[in-house]
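Please read these numbered points with the model open beside you. Each one takes up a single topic.

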Amino acid sequence: MAIDTNSFIFLAGILLLVSILASSFTVRVGLPLLLVFLGMGMLAGEEGLGRLDFDNPSLAFFVGNLALAVILLDGGMQTKTSTFRVALWPSLSLATLGVVITTASVGAFAAWLLDVKLIYGLLLGAIVGSTDAAAVFSLLRNSGVKLNERVGGTLEIESGANDPMAILLVVMLTGLLQSADQLSVLAFLGQMIQQFAIGGVLGLLGGKLLLMILRRVPLIEGLYALLIISFGLAIFSGVNMIGGSGFLAVYLVGLSVGNGRIKQQEAISQVMDGLAWLAQAGMFLLLGLLVTPSSLLTHGWQAVAIAAFLIFVARPVAVMICLLPFDFRWPERIYISWVGLRGAVPIVLALYPVIAGLSNSELLFEITFTVVLISLLLQGSTVPQVARWLKIVVPPAPAPTTRFSLINDSDSNHSLELYEFLVQAEGVRIPAAIVQNVPSATVSTPQLVSLVRDQKPIVVNADTELKSGDRIWMLLHPGDVNDVAQIFSHKASTSFLLQNFFGEFAIRGDASLIDLAKVYGVPVDGIDEADTAAELLQRQLGKHLVVGDRVRFGNIRLTIRQMDGNQVEIIGLKLQDKQV
């Protein structure tokens, strides 16, 4: 039905409002929030309660690309470069070779099942071949569990970097079906190198330029996020126009800005999160409107079979092959294969053949949509449960609730930031050294700025007992944050959880292994005098260690508790634990 401008805006507002309010229910029952927006779009469509007849693939494609650019920009800003230490090469392997393996295996299976030409099967395989950044970022960060850095970083970087390969495959296969030319392997490799090279170089350079602008150009606080969005979209479209991967470029721009020290980081992050959620909501609502639910039943059982093959065969095989050269434990490999979430990206890619007017394009779109629904329902709703079952969850470390950068410097020893900590324990006292420290131009130890209780500042001395719910504001060097956060975050349940996971005692990474063996009655055969606890972990687990990695040493369990780059700083020690 045709609607005027006001009616359209009214309906769009109502759809967003109802979807957001419904999100509280989905969180309680464990369903992905993105599924709500998709479902609301379908409910408002021509066969739903709204009876809106939306049939504009070109508009949906435009909005989808725009939204994905914003989502990738925000995702890059939230990805820490420290994860590249252990996750970069595995992620790139999954983002390139993994997409090709998934495309080939799903393509062959789909061509046989649907009784179509192999090239149509391969096109479907390419469309569903990449994991979705919007789904992965959203579910991993809102699942309530903290994954170890190796697994979480691999999944996030993969989802941000695999779009170029999937898009390249879809565009080339669509072009071949339009022109009937032969596929040239050399041409494909050339295009792939061009996409990654141009997107990677211009994304990194653009990120550096944007960071410089943010540091030197004074703006009203609310404009900084808009500056980032506009710059990111310009890089995204500009790189696309010259033959590079705009998706990779905009992700790298976000990565550079998110890891650069800027004073407005906290305010920018909050605005960017809101814009990213708006982009996700709008995109999924529109894609839900585009589909006709009854058409999904036409090839329903074939779509279910293809989804099952993708989830239980193609993705696991691709992950196992791509991660062979890397130090991943079997539970980690299984989890990465399970969290191969499909979302908006495959649906947007399925619009390529529709816009190109290919035969079987409607079939490809309908099957893709069903595959995405099944992936979000089955995989998306089990992200936290599977993580706990496979024991790859790391207890969240105490952290500040808010931070503001006051002095920016690449050397954290010269940087200074204002932090807010939420007190989670009763009867804790602020260390006298902090209370008595007088603010000065040179901050050598943490400085107390204010204690807020019941929204009122109170005077603090060494005898002041803190209450749960108090908020502490302090000036700190970034390197001191973890230690200070521990003071205010010793909630009974949190303390028990950390102690149960890491152990009752803590030792330094360079602690002598032979001394540990003598103290705890472990046989010393084969142990060298110079061996350390950190070296034992590296010998058994590989050189790319992360917090949460653990080994057994006689009747004790050693678990990495704190890292500084590649250096193991603190190790938790637990006695008489029979399981590693």
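1. L35, L38 and M42 of α2 meet F369, L373, L376 and L377 of α17, where contact means heavy atoms within 4.5 Å. Helix α2 covers residues 33-44, and it packs against α17 at an angle of about 140° with the axes 11 Å apart. Axes here are lines fitted to C-alpha atoms, for helices over the stretch in contact, and angles run from 0 to 180 degrees between N-to-C directions. The two helices are therefore oblique to each other; angles under 35 degrees count as roughly parallel, over 145 as roughly antiparallel, 65 to 115 as roughly perpendicular and the rest as oblique. The crossing of α2 and α17 is left-handed, a word used if the near helix is turned anticlockwise from the far one by less than a right angle, with right-handed for clockwise.

2. This is a predicted model, in which local features need pLDDT of at least 70 and side-chain atom pairs count only at pLDDT 80 or more, while totals for chains, interfaces and linings use all residues. Residues are numbered from 1 along each chain as its sequence is written, and side-chain values use heavy atoms, with hydrogens and water left out.

3. How confident is the prediction, as a mean pLDDT of the protein chain? The mean is 83, and 88% of the residues reach 70 or more; pLDDT is the predictor's confidence in each residue, from 0 to 100. Confidence is highest in α13, at a mean of 96, and lowest in helix α21 (residues 492-502), at 61. Where pLDDT is low, the predicted coordinates should not be read in detail.

4. The protein chain has 23 helices and nine strands. Both are DSSP runs numbered from the N terminus: helices are H or I with at least four residues, and strands are E with at least two. Of the 580 residues, 53% count as buried; buried means under 20% relative accessible area, exposed over 50%, and partly exposed in between (1.4 Å probe, protein chains only). Among contacts in the chain with a separation of 6 or more, 73% are between residues 24 or more positions apart.

5. Helix α17 (residues 361-378) has 18 residues and reaches 26 Å from its first C-alpha to its last, close to the 26 Å expected at 1.5 Å a residue. The expected span is 1.5 Å times one less than the number of residues in the helix. Since 14 of its 18 residues are buried, α17 is largely enclosed by the rest of the structure.

6. Helix α3 (residues 57-78) reaches 31 Å with its 22 residues, close to the 32 Å expected.

7. Helix α6 (residues 133-141) packs against helix α7 (residues 149-161) at about 155°, with the axes 8 Å apart. The contact is made by A133, V136, F137, L140 and R141 of α6 and by G152, L155, E156 and S159 of α7. α6 and α7 are therefore roughly antiparallel to each other, and they cross in a left-handed way.

8. In helix α11 (residues 246-258), 13 of the 13 residues are buried, so α11 is largely enclosed by the rest of the structure.

9. What does F312 touch, leaving aside its neighbours within four places in sequence? F312 is in contact with W338 and L378. F312 lies in helix α13 (residues 300-322). F312 and W338 are 26 residues apart in sequence, and their C-alpha atoms are 8.1 Å apart in space.

10. Q195 sits in helix α9 (residues 185-216) and is buried, with a relative accessible area of 13%. Not counting residues up to four places away in sequence, Q195 touches L168, G243, G244 and S245.

11. Most residues other than glycine have a negative phi. K391 has a positive phi of about 60° although it is not a glycine; K391 is in the loop between α18 and β1 and is exposed, at 56% relative accessible area. Phi of Q455 is near 65°, also a positive value. Q455 is found in the loop between β3 and β4, and at 78% relative accessibility Q455 counts as exposed.
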